[in-house]
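Subject: Structure handover

Hello,

Here is the structure I said I would pass on.

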Amino acid sequence: MANTKPIGVAYEDQNIIGADIVKAANIATTGTIGYAAGAYDVVTQTNNKTTAVTINTPSGQIITANAQMAPSANAVFVVNCSAVSTKDVVVISVASGGTLGAYNVFISAIADGSFTVVIKNITNNAYSEALHLNYAIFHTAT
């Protein structure tokens with residue numbers, strides 16, 4: 001971004017408060033949009049894929065238990081997270097760790113302090129795999 005706001009003899013980086021668009025410039029080299037260092041953590045689920053986990057960062061990775069999922073089964077678990085509120089949007093995806101194309105993963109509910117994840121085995125095979133799920137919270141206007 002260009003330095004556009006004069007503050008005496010120096011310039012302040014562009015202020016995005018009230019901006020209509022937030023975007024990354026020159027994505028091929030350095031432009032990214034996301035959280036800064038410290039806003040990411042990893043948690044590992046114990047016991048089975050329905051065991052609740054706690055992770056209090058606005059982005060991170062959940063490593064599920066490697067308990068078996070039957071064909072066409074659903075596993076539902078709660079993520080306790082102080083960074084989320086009912087006004088937020090949570091996205092989640094499989095990053096690695098499972099059979100390619102074997103699972104659908106989605107958020108089924110969002111509350112103040114938690115969100116609910118559903119993992120569905122969409123195959124006719126039983127799998128015992130630890131999935132690595134990446135999530136990010138998008139905060140909306142209050």
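**A surface patch**

Val89, Val91 and Phe138 make up a nonpolar patch on the surface, and together they have about 260 Å² of accessible area. Patches of this kind take residues with over 30% relative accessible area and no salt bridge, joining nonpolar side chains (Val, Leu, Ile, Met, Phe, Trp, Tyr) within 5 Å and like charges within 9 Å. A salt bridge is a side-chain nitrogen of Lys or Arg within 4 Å of a carboxyl oxygen of Asp or Glu. The areas come from the Shrake-Rupley method with a 1.4 Å probe, and for residues only the protein chains shown count as cover.

This is a predicted model, in which local features need pLDDT of at least 70 and side-chain atom pairs count only at pLDDT 80 or more, while totals for chains, interfaces and linings use all residues. Residues are numbered from 1 along each chain as its sequence is written, and side-chain values use heavy atoms, with hydrogens and water left out.

Valine 91 lies in strand β7 (residues 89-96); strands are DSSP runs of E with at least two residues, numbered from the N terminus. Valine 91 is partly exposed because its relative accessibility is 40%, where buried means under 20%, exposed over 50% and partly exposed in between (1.4 Å probe, protein chains only).

**The sheet**

Four strands form an open, mixed sheet in the order β4-β6-β9-β8. Its edge strands are β4 (53-54) and β8, each pairing on one side only. Two strands pair if DSSP finds at least two bridges between them. β4 and β6 run parallel and are joined by two bridges; threonine 54 has asparagine 80 in β6 as its bridge partner. β8 and β9 (residues 114-121) are antiparallel, with eight bridges, and phenylalanine 106 stands opposite valine 118 in β9. Two residues lie between the strands of the β8 and β9 hairpin, where glycine 113 has a positive phi near 90°.

Beyond its neighbours within four places in sequence, serine 108 is in contact (heavy atoms within 4.5 Å) with Thr116 and Val118.

Threonine 64 sits in the loop between β5 (59-63) and β6 (74-80). Threonine 64 is buried because its relative accessible area is 2%. With neighbours within four places set aside, its contacts include Gln45, Ile119 and Leu133.

Regards
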